[in-house]
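Please keep the sequence and the structure in view while reading.

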Amino acid sequence: MLTHEGKQPFGCDYCKKRFVSKYSLKVHMKIHTGDKPFACEICHSRFTQGSTLKGHMKTHQKPDEKAYVPCKVCGKRLGNKFSLKTHIRIHAGEKPFQCADCGRNFRTKNDLIPHLQLMHVDEKPYSCKICGSSFGLEKNLKQHMTVHQKTIFTCNTCGIIVRSKKSLKRHQEVHERYKSTSCQVCGRSFSDKSRLNQHMKDHLEDHAE
C-alpha cells in the first residue's frame, strides 16, 4: 500500500534517502556501516544481503561439462553465456558502465556500485581527525587512517593525536606543568607554583582550625 501511494516513511539518518519499509532501510544502512553479515563458507567472501550470497554460491557449483561455455581467446570456461559476455570485456577492454558523477568507466555494474558508494555518497559522516578527509563508510575511514600510522603521535595522558614528536613533546609539557602545580589535597590545578603555595596555605589554615 505504501508503495502505490508513493509514501516513504523510513529515512536514512546518513544520506536522507527514504524507503517504503523498515527492511529496505535496514539493507540500505549496511552501505554506511560496511556491515556484511552473510559469509561464503567456501571462499569466505562476505555480502550485505543473503540473496547476493545465494547468487555468489552458484560460482562454486560444479555443473556438467556441457554447461560450460569456453572463451575463444584464453580458453577459460564460463558457467553461462552471460558470464562469458562479461569475461570477454577483459580481452576487449570494454567498460560500458559509466559513473554519471565523475565519468569513470567500469566493466560490470557490480564494479560501479561500490565506486558510487565510496566516492559519491552525499553524506560523509566519518571524518579523519588528522587531515579532515571525510568518508561515507566507517571501514573506508579506518583504511584511510593507515596512511597516517607512520606520522601520528598519541598523548598517553589524554589521547590527543598530533603529527610530530615536537608537537607531542610540547603538548605533554602542558600536562607536566599542571601536574607539578596541582594540589595534592583537592586536585585543583594552578598556572604557577606561587598560586599553588598560596592555595596550600588555605588547607593548612583549615587543618589548624
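Contact, or touching, means heavy atoms within 4.5 Å. The model is predicted: local features need pLDDT of at least 70, side-chain atom pairs count only at pLDDT 80 or more, and totals for chains, interfaces and linings use all residues. Residues are numbered from 1 along each chain as its sequence is written, and side-chain values use heavy atoms, with hydrogens and water left out.

**Overall make-up**

The chain contains 8 helices and 12 strands; helices (H or I, at least four residues) and strands (E, at least two) are DSSP runs, numbered from the N terminus. Of its 209 residues, 22% are buried. Buried means under 20% relative accessible area, exposed means over 50%, and partly exposed lies in between (1.4 Å probe, protein chains only). Among contacts with a separation of 6 or more, 8% join residues 24 or more positions apart.

Which residues form the largest nonpolar core? They are Tyr126, Cys128, Ile130, Phe135 and Leu141. Such a core is a set of buried Ala, Val, Leu, Ile, Met, Phe, Trp, Tyr and Cys residues joined through side-chain atoms within 4.5 Å. Leaving aside residues up to four places away in sequence, Tyr126 touches several residues, including Tyr14, His32, Phe135 and Leu141.

Leu141 is also one of the buried residues of helix α6 (residues 138-145), together with Asn140 and His144. These residues lie on the same side of α6 because they cover an arc of only 100° around the axis, the arc being that of the directions from the helix axis to the C-beta atoms. The face turned away from the buried side of α6 carries the exposed residues Lys142 and Gln143.

**Selected helix residues**

Arg89 lies in helix α4 (residues 81-92). Arg89 is buried yet has no salt bridge, and the nearest side chain of opposite charge, Glu94, is 4.5 Å away. A salt bridge is a side-chain nitrogen of Lys or Arg within 4 Å of a carboxyl oxygen of Asp or Glu; Lys and Arg count as positive and Asp and Glu as negative, while His and the chain ends are not counted. Beyond four places in sequence, Arg89 touches Glu94, Pro96, Phe97, Arg107 and Thr108.

| Residue | Helix | Relative accessible area | C-alpha separation |
|---|---|---|---|
| Met119 | α5 (residues 109-119) | 44% | 8.1 Å to Phe135 |
| His175 | α7 (residues 165-180) | 26% | 9.1 Å to Cys158 |

His175 touches Cys155, Thr157 and Cys158, not counting residues up to four places away in sequence.
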